[in-house]
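User: I would like to go through some helix packing in this model, one question at a time.

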Amino acid sequence: MNGEAASLRIRGSEIELCVRAATLGQDVLDVGKLVASDVFTFDPGFVSTAACTSALTYIDGDAGILLHRGYRIEDLAAESNQLEVAYLLLTGELPTASEFEAFRHSVLAAQAVPAGLYDVCRALPADAHPMAVLNTLSAALAAFEDLAMDMADETARREVAIKLIAKMPTLVAMALRHQAGKPLTEPEPNLDYTANFLAMVLGNTPDAVVVDAMERILVLHADHEQNASTSTVRLSGSTGTNPYAAVSAGIGALWGPSHGGANEAVLAMLEEVGDAEHIDAFLARAQDPDDPFKLMGFGHRIYKNYDPRAAILRASCHEVLESLGTVNSPLLRLAQALEKRALEDDYFVRRKLFPNVDFYSGIILRAIGIPSSAFTTIFALGRIVGWVAQWNEMHRETLKIGRPRQLYLGPGPRAFVAMPDRA
Ligand code: SDX
């Protein structure tokens, strides 16, 4: 493999490695040759480990930069839409008008889901968490769809990617309608992607302000390099499993409060804080090593600066709440006061803990009528684009199953002791 020579001296021997150059950001030390030595690399949480190559998304955490195929997230959030970003992530280029129209048509034509999925949804408990419903429905999709496909065939992968991008709004809408105890809805043929999703959720044609806000939220959640849920989709996809199963695994990973579940947790935290006079007590709890409480919506493995998506959402909060006539929302005011105090607090400043994408998204979602327990399903709706684009990119190379090693700390070999002889 070509690259800059590097060597590792261990226990008196020298192992020749190589550094592979990135087009942007950190280069990587290729440690594949270590398999021939008697040591592995050790990096729980993959803090400084690259698991793959990718050309989809670049994040500069120190500068707070996020690019999708080289385009700034600020420009995409302001000028583009979810289906155009999906096309960009899948193909590498922004579409021409005719390319976009063909792609948009293929997605809108595939939004219906098998009738059996409505029966599956209705069979779930009325009080099931929306992410449990979504995970069930996305996994159940594999029971209805034709799973036979040649993963090496780019056209076949593109078709199934379009199917998943198309059907996710319908599944998320089913989860939200089920939670609301309302009749389940089907996609309207004459509405655009995001408007159609909102119409399925709300049961009426959505206000243009709400559609714009949701469009921006979806674009901001589309992809984010090798985050936990995307890495889960890649790792499960590396076994050759079908994309429905790989996406279901990703949905499960996203649900966690340290990841996509944080947006729901931010709302719960703001409601627990209640009002500005309690902020200091919560900031103190967040700094107490003996208190498991974390300031939800703050901090990020990569961003050691303001998450650019949070900055866009903070501005969007104002626009949306103003146009909905709720700009004086106590929740927004409390979030802004909490952000201000945290960013003045040495604990957060020293650790470079800034608001992330989850800090403001929930305030907008609440304002447009999405219940907080369903926030993460909206995150999944945005991220399906990244999951399928990353899955597709992974399959463009020779598939190698992901199989991490370990640092073994268990007992050495010992003789079996029959039950009667045990102490
Ligand atoms: C997302 O990976 C992605 O790209 C994810 C995502 C995407 O688009 O896919 O961006 C979406 O998941 C955003 C993150 C949402 N999660 C939250 O908001 C939950 C709260 N945040 C933390 O749990 C935490 O910041 C993480 C999980 C996001 C990041 O954790 P790391 O990188 O493992 O950092 P760490 O735990 O090692 O923290 C370093 C220090 C520690 O203190 P010390 O041991 O140095 O004293 O910072 C502290 C942590 O205790 N810290 C926090 C904190 N986050 C980190 N202290 C209080 N509150 C916090 N939120």
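The questions and answers below concern helix packing in this predicted model.

User: How are α6 and α7 oriented to each other, roughly parallel or roughly antiparallel?

Analyst: Helix α6, which spans residues 154–180, packs with helix α7, residues 193–202, at an angle of about 20 degrees, and their axes lie 8 Å apart. Since angles under 35 degrees count as roughly parallel, the two helices α6 and α7 are therefore roughly parallel.

User: Which residues of α7 meet α6, and how do the residues of the contact divide?

Analyst: On the α6 side the contact includes Ile-165, Pro-169, Val-172 and Leu-176, and these belong to a set that meets Tyr-193, Phe-197, Met-200, Val-201 and Leu-202 in α7. The residues of this contact between α6 and α7 divide into eleven nonpolar, one polar and one charged.

User: What is the handedness of the crossing of α6 and α7?

Analyst: The angle between α6 and α7 is about 20 degrees. The crossing of these two helices, α6 and α7, is right-handed.

User: Which helices do the buried residues of α16 pack against?

Analyst: Helix α16, residues 357–367, is mostly covered, with nine of its eleven residues buried, among them Phe-359, Tyr-360, Ile-363 and Ile-364. The buried residues of α16 pack against α8, α11, α13, α14 and α17.

User: Which residue caps the N-terminal end of α16?

Analyst: The backbone nitrogen of Asp-358, a residue that is itself buried, has a side-chain oxygen of the capping residue 2.8 Å away. The residue that caps this N-terminal end of α16 is Asn-356.

Terms used. Residues numbered from 1 in each chain as written. Predicted model: local features only at pLDDT ≥ 70, side-chain atom pairs only at ≥ 80, totals over all residues. Heavy atoms only, no water. Axes fitted to C-alpha atoms, helices over the stretch in contact; angles between N-to-C directions. Helix = DSSP H or I, 4+ residues; strand = E, 2+ residues; numbered from the N terminus. Parallel < 35°, antiparallel > 145°, perpendicular 65-115°, else oblique. Left-handed = near helix turned anticlockwise from the far one by under 90°. Contact = heavy atoms within 4.5 Å. Nonpolar A, V, L, I, M, F, W, Y, C, P; charged D, E, K, R; others polar. Buried < 20%, exposed > 50% of the residue type's maximum accessible area, 1.4 Å probe, protein only. Polar contact = N/O pair within 3.5 Å; in protein donor to acceptor, adjacent residues only side chain to side chain.
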